[in-house]
Amino acid sequence: MSRSSKKGPYIDKNLAKKILKQKETGDKSVIKTWARASQIPPEFVGHTFGVHNGKVFINVLVTEGMVGHRLGEFSQTRTFRSHGRVVSREVSKT
């Protein structure tokens with residue numbers, strides 16, 4: 001179920017403060033965050049976030065196409081190894 005339109009998008013307050021501070025100083029360092037549920041507003045475009053995936057921080061550079069999505073969507077929590085391995089059989093010619 002989606003969030004009520006009356007409430008507006010969920011944006012972490014501390015994250016918004018850090019963005020405003022970076023815009024004032026012109027700093028472009030990575031902002032570490034655990035707020036995976038925070039939505040990406042247009043103000044975040046061009047900034048780099050270190051989004052925690054439960055083990056490490058994954059660097060995410062926010063672009064215009066990411067607006068409206070959540071930060072956690074771009075930091076995968078599970079590593080895909082592969083599906084079953086195909087075993088090749090050599091056919092002997094007799």
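Tutor: The protein has 1 helix and 3 strands, where helices (H or I, at least four residues) and strands (E, at least two) are DSSP runs, numbered from the N terminus. This is a predicted model, in which local features need pLDDT of at least 70 and side-chain atom pairs count only at pLDDT 80 or more, while totals for chains, interfaces and linings use all residues. Residues are numbered from 1 along each chain as its sequence is written, and side-chain values use heavy atoms, with hydrogens and water left out.

Student: In which order do the elements run from the N terminus on?

Tutor: The order is α-β-β-β.

Student: What radius of gyration does the protein have, and what would a compact globule have?

Tutor: The radius of gyration is taken over C-alpha atoms, and the globule rule is 2.2 Å times the number of residues to the power 0.38. For 94 residues a compact globule would come near 12 Å, but the protein has 20 Å. The C-alpha trace spans about 75 × 35 × 25 Å along its principal axes.

Student: Is Ser38 buried or exposed?

Tutor: Ser38 counts as buried because its relative accessibility is 0%. Its place is in the loop between β1 (31-33) and β2.

Student: Which residues does Ser38 touch?

Tutor: Contact means heavy atoms within 4.5 Å. Leaving aside residues up to four places away in sequence, Ser38 touches Tyr10, Ile11, Asp12, Leu15, His69, Arg70 and Leu71. From Lys13, Ser38 is 25 residues away in sequence and 9.4 Å away in space, C-alpha to C-alpha.

Student: What share of the contacts joins residues 24 or more positions apart?

Tutor: Such pairs account for 42% of the contacts with a separation of 6 or more.

Student: Where does His52 lie, and why does His52 count as buried?

Tutor: His52 is in strand β2 (residues 48-52). His52 counts as buried because its relative accessibility is 16%. Setting aside residues up to four places away in sequence, His52 touches Thr33, Trp34, Arg36, Phe57 and Ser75.

Student: What lies 3.1 Å from a polar atom of the His52 side chain?

Tutor: The backbone nitrogen of Gly54 does.

Note on methods:
Buried means under 20% relative accessible area, exposed over 50%, partly exposed in between (1.4 Å probe, protein chains only). A polar contact is a pair of N or O atoms within 3.5 Å; within protein, one must be able to donate a hydrogen and the other to accept it, and residues adjacent in sequence count only if both atoms are side-chain atoms.
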